[in-house]
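The sequence and structure are shown first.

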Amino acid sequence: MKVILLGAPGSGKGTQAAYITDKYDLPHISTGDLFRDNIKNQTPLGQKVKAIMDTGNLCPDDLTVAMVKERLKEKDCENGYLLDGFPRNLFQAGELDKIDAPDVVINIEVDLEKIEHRITGRRSCANCKNSFHVDFIGDREACPDCGGKLVIRKDDNAETVRERLAVYQAQTLPLEEYYSKQGKLVSVDGDKSIEEVFAQIVKVLG
Ligand SMILES: [Zn+2]
């Protein structure tokens, strides 16, 4: 079974990916890990990627595709894969179709306003690193657990979050259309509990 998982930052995609790979015994292939592994192991592709990223540029599509292609040749992909973070655009989706097309594309649909609220309302303790939501702790400035100072993490500020979500939407909508036309797109309601979201996914994957 070859599965692509789509979901915005804050949609719980990482958790669902772990559940899926565990239940269906699929290799979890995330482009983030692929970049790290190729660079760490100094593969020919990794060296190229590192040289480009060192100059502050993004990895070009053809290198990303090449890394995924290499990874899909490995033995653990014989029975399929769970792709996470790839494809990111129509070019990559087209290339994947040439290499090893997916059977199903699961889209974890979430209300972006809810995600924004969830992330921007997060306060993290500078001391114990626990995080809390203003919905529950109000405007208190001290950690309920240890009394440490509560701060807003850099990634959690409203502007950054909105920007990340906007980028995600712009990237993903064309993919949703692409796979919808192929009859492969299945959306699940991501605003439910982790268990309920996973139950919907299991219904899709069988
Ligand atoms: Zn604390």
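Donors are here taken to be N, O and S atoms within 2.8 Å of the metal, and water is not among the atoms, so sites may look incomplete. The model discussed is a predicted one.

**The zinc site**

Under that definition, the zinc ion is coordinated at 2.3 Å by the SG atoms of Cys 125, Cys 128, Cys 143 and Cys 146. The angles among the 4 donor atoms run from 100 to 118 degrees, and the site of the zinc ion is tetrahedral. For comparison, the ideal angle for four tetrahedral donors is 109.5 degrees. Along the chain, the donors of the zinc ion follow the spacing C-x2-C-x14-C-x2-C.

| Residue | Relative accessibility | Class |
|---|---|---|
| Cys 128 | 29% | partly exposed |
| Cys 143 | 4% | buried |
| Cys 146 | 34% | partly exposed |

Cys 143 counts as buried because its relative accessibility is 4%, below the 20% limit for that class. A disulfide is a covalent bond between the sulfur atoms of two cysteines; with the criterion of cysteine sulfur atoms within 2.5 Å, the count in this model comes to 0 disulfides.

**The sheet beside the site**

S5 is joined to S6 by 3 bridges, with Ser 124 standing opposite Ser 131 in S6. S5 is joined to S7 by 2 bridges, and here Cys 125 stands opposite Leu 150 in S7; Cys 125 is also one of the residues that coordinate the zinc ion. S5 and S6 form a hairpin with 5 residues between them, and Lys 129 in the turn has a positive phi of about 70 degrees.

**Helix H4**

Helix H4 (residues 61–72) has 12 residues and reaches 16 Å from its first C-alpha to its last, which is close to the 16 Å expected at 1.5 Å a residue. Its buried residues are Leu 63, Thr 64, Val 65, Met 67, Val 68, Arg 71 and Leu 72. The buried residues of H4 pack against strand S2 (28–30), helix H2 (31–40), helix H3 (44–54), strand S3 (81–84) and helix H5 (90–100).

**Gly 7 in strand S1**

Gly 7 lies in strand S1 (residues 2–7) and, at 5% relative accessibility, counts as buried. When residues up to four places away in sequence are not counted, Gly 7 touches Lys 13, Ile 108 and Tyr 168. The C-alpha atoms of Gly 7 and Ser 187 are separated by 9.9 Å, although these residues are 180 residues apart along the chain.

Note on methods: Residues are numbered from 1 along each chain as its sequence is written. This is a predicted model: local features need pLDDT of at least 70, side-chain atom pairs count only at pLDDT 80 or more; totals for chains, interfaces and linings use all residues. Side-chain values use heavy atoms; hydrogens and water are left out. Donors are N, O and S atoms within 2.8 Å of the metal (3.2 Å for Na, K and Ca); water is not among the atoms, so sites may look incomplete. Four donors count as tetrahedral if all angles lie between 85 and 135 degrees; four count as square planar and six as octahedral if opposite donors are over 155 degrees apart and all others between 65 and 115; anything else is irregular. Buried means under 20% relative accessible area, exposed over 50%, partly exposed in between (1.4 Å probe, protein chains only). Helices (H or I, at least four residues) and strands (E, at least two) are DSSP runs, numbered from the N terminus. The expected span of a helix is 1.5 Å times one less than its number of residues. Contact means heavy atoms within 4.5 Å. Two strands pair if DSSP finds at least two bridges between them.
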